[in-house]
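Please look through the sequence and the structure below. The paragraphs that follow go through some aromatic rings and then a sheet.

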Amino acid sequence: MVNAGDMNGSGNLMDFLDEPFPDVGTYEDFHTIDWLREKSRDTDRHRKITSKSKESIWEFIKSLLDAWSGWVVMLLIGLLAGTLAGVIDLAVDWMTDLKEGVCLSAFWYSHEQCCWTSNETTFDDRDKCPQWQKWSELLVSQSEGASAYILNYFLYIMWALCFAFLAVSLVRVFAPYACGSGIPEIKTILSGFIIRGYLGKWTLLIKTVTLVLVVSSGLSLGKEGPLVHVACCCGNFFSSLFSKYSKNEGKRREVLSAAAAAGVSVAFGAPIGGVLFSLEEVSYYFPLKTLWRSFFAALVAAFTLRSINPFGNSRLVLFYVEYHTPWYMAELFPFILLGVFGGLWGTLFIRCNIAWCRRRKTTRLGKYPVLEVIVITAITAIIAYPNPYTRRSTSELISELFNDCGALESSQLCDYINDPNMTRPVDDIPDRPAGPGVYSAMWQLALALVFKIVITIFTFGMKIPSGLFIPSMAVGAMAGRMVGIGVEQLAYHHHDWIIFRNWCRPGADCVTPGLYAMVGAAACLGGVTRMTVSLVVIMFELTGGLEYIVPLMAAAVTSKWVADAFGKEGIYEAHIHLNGYPFLDVKDEFTHRTLATDVMRPRRGEAPLSVLTQDSMTVEDVESLIKETDYNGFPVVVSKDSERLIGFAQRRELILAIKNARQRQDGVVSNSIVYFTEDPPELPPNSPHPLKLRRILNLSPFTVTDHTPMETVVDIFRKLGLRQCLVTRSGRLLGIITKKDVLRHMAQMANQDPESIMFN
């Protein structure tokens, strides 16, 4: 320690910041990270490790461990994400069936597992076995009749309400961040925003448990979006175990990008689609190294889920299908029509859902989240039970809609009138006239389609985990299956028409209605999320058929074009804007001819910019400036008169530096001079010990001139991930532009409310 008396000259002073102190370089909650600074810190760390590795064998081993830590984290993320996805799938399967009955031989078996072990199951009644009993059979020994139906109906509603109430209560009490899909917040976090606790251990635990409950309750939501949040929670947990990631927010986001890929990999059984989803949809900064690691994490996650085999079919998803019939050129027209439907549905859903969520935020409705969940669950259960297509889980519904009608199918959708003289192989059944079962199924599907469209608008955004992939796919699959059956019957009854004559002979298997369902599902999911490349890859990984890529591409592109005609925002971007997060979307274009001087602060008539001087302010001056303002940092200038820019000091680091100096350095008092230069200023005798803060000063802050076009400034903020940039003219400081200022200016130019951007 240096005594105050030794200070009067320019003797050798100890800069106490030569040693790093706790919390330096960290960020406050709801603030944006400085990507350039994080990148620079990682480069310094890597340089230090490389130079030390030449000193001894131990240091060399440590450098190898540091290099391998990224792959170890990916391995751990893949293992945990795959395991959790498998457990969620098994639990959902059991709890969904629990609403209708129970297995007497082992209550933890689902309906299907219960009847697997039975020796008394016939082929025609494969779903019926004495070990599985509906609640009416168990309680009143009746399986048919009005009283049995009413009792089963009542217990179905009660179980659904019980699951939903338990889920919303757990979220409210233990982890408020576990609600919603999680993807809008993940996108914002990956763009550099800090939301502490959003990827925490409690959020991981509660989201996993409540996801099982809400999907089992029969609400119109899916588990795929929340699984991305769960995987990112795993990524955050494992990255906190390695200082390379825990002490660098930029590096941590590379891990989270890979974790998002693992989440989609286990949600759809699509490892390549997961990597592309992370690249196309959620990631902000995606270097080549992260691409390889994402691929590895997605591979490990998919392998782990395959080992658990939750559906017992050696597939990673419930609705895996294989088609045997090729598609024909004339079918592109109905595929494109499905794309148009998907785009229109996406636009309708986004507008209605955002309007409802805004109403929830601005009215008393938002004060009663538990009541809202209970009411929506009750309405869903009451309307869903009578219709067999809405009663079952949405994944099972999609699976049935995707399926091709083989000789062994017992579904109503496969109730065709068979030709008794038919002697064809099992997988090559010709087109046949529809039977009464198909017509009644069409009516039920039409009612289910209207119900799903309406109820999903009110379900997404409630205070429970809720994904949107599965409900969107269900809407498209129902519409697609109905179109497919229509085209199939048209081709059968009018095979002599010119459009069918070339490719649909009598007795041929021309049209596959399941393929139309799959194309419709892709179109609706694309219309809502605006995904294109990753969506097509996910869908072809689901089907295992490369020859259907063209119909999927046609539908996905059409749905995006149609939806973009009504508005560029997908559902996740719309929710980001609704919540006021500072997200600068790479896809947004800025074409207005404004200049930096139009956006910078201070504006005309405003108070001058709050600045620090390089060697003329006291500790008390700095502390009072911090107390009177809420800015994230302060430009440092030579003096108030010249205002020549020296650098930029962060608010948080100033607070920590002064606090640590008072504790660790003798002689620092309120009237000590703070200086940011290499050498201390000339001070009169008996002056208190000055405080040197050069180490926390950013000597190369990003600057633009006042005549820089805002188009360039927006591009700089986007590509470099800046928090702020300073506006100068000939080296003299004029003002500052923050990320929030840029977003507000963009909102203003788009005739939106600039005050909707709430965070820094």
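At 36% relative accessibility, does Tyr-149 count as buried, partly exposed or exposed? Tyr-149 counts as partly exposed, because its relative accessibility of 36% falls between the cut-offs of 20% for buried and 50% for exposed. This is a predicted model, so every value here is computed from predicted positions.

The ring of Tyr-149 is paired with that of Tyr-385: the centres are 5.5 Å apart and the planes stand at 65°, so the pair is edge-to-face. Tyr-149 belongs to helix α5 (residues 146–174), while Tyr-385 is in the loop between α14 (369–384) and α15 (388–391). The pair therefore ties together parts that lie 236 residues apart in sequence. Tyr-385 has a relative accessible area of 6% and is buried, whereas Tyr-149 is partly exposed. Tyr-385 also has a charged group at its ring: the charged end of Arg-391 sits over it, 4.1 Å from the ring centre.

A pair of aromatic rings is described by two values, the distance of the centres and the angle of the planes. The structure holds 24 aromatic pairs. One of them is formed by Trp-108 and Tyr-109, which are edge-to-face, with 6.2 Å from centre to centre and 75° between the planes. Trp-108 is exposed, because its relative accessibility is 52% and the cut-off for exposed is over 50%. Tyr-109, at a relative accessible area of 28%, is partly exposed. Both residues belong to one aromatic cluster, together with Trp-94 and Phe-107. Elsewhere, the ring of Trp-71 has the charged end of Arg-293 over it, at 5.4 Å from the ring centre.

Now to the sheet. Three strands make up an open sheet in the order β10-β11-β12, and their pairing is mixed. The strands at the edges are β10 (703–705) and β12 (732–738); each has a single partner strand, so one side of each is left without a neighbour in the sheet. Direction ignored, neighbouring strands are turned by 35° against each other on average.

β10 and β11 run parallel and are joined by three bridges. Val-704 has Val-727 in β11 as its bridge partner. The chain gets from β10 to β11 through α27, and this β-α-β crossover is right-handed. β11 (residues 724–729) and β12, in contrast, run antiparallel, with six bridges between them. In β12, Leu-726 has Ile-736 as its bridge partner, and Val-727 has Gly-735.

Helix α27 (residues 710–720) packs on this sheet and touches β10, β11 and β12, its direction making about 65° with that of β12. How many of the six residues of β11 are buried? Five of the six are, so β11 is largely enclosed by the rest of the structure.

Technical notes. Residues are numbered from 1 along each chain as its sequence is written. This is a predicted model: local features need pLDDT of at least 70, side-chain atom pairs count only at pLDDT 80 or more; totals for chains, interfaces and linings use all residues. Side-chain values use heavy atoms; hydrogens and water are left out. Two strands pair if DSSP finds at least two bridges between them. Helices (H or I, at least four residues) and strands (E, at least two) are DSSP runs, numbered from the N terminus. Axes are lines fitted to C-alpha atoms, for helices over the stretch in contact, and angles run from 0 to 180 degrees between N-to-C directions. Contact means heavy atoms within 4.5 Å. Rings of Phe, Tyr and Trp (its six-membered ring) pair if their centres lie within 6.5 Å; planes under 30 degrees apart count as stacked, over 60 as edge-to-face and the rest as tilted. Buried means under 20% relative accessible area, exposed over 50%, partly exposed in between (1.4 Å probe, protein chains only). A charge sits over a ring if NZ of Lys or CZ of Arg is within 6 Å of the ring centre and within 35 degrees of the ring normal. A crossover is right-handed if, with the strands pointing away from the viewer, the path from the first strand over the helix to the second runs clockwise.
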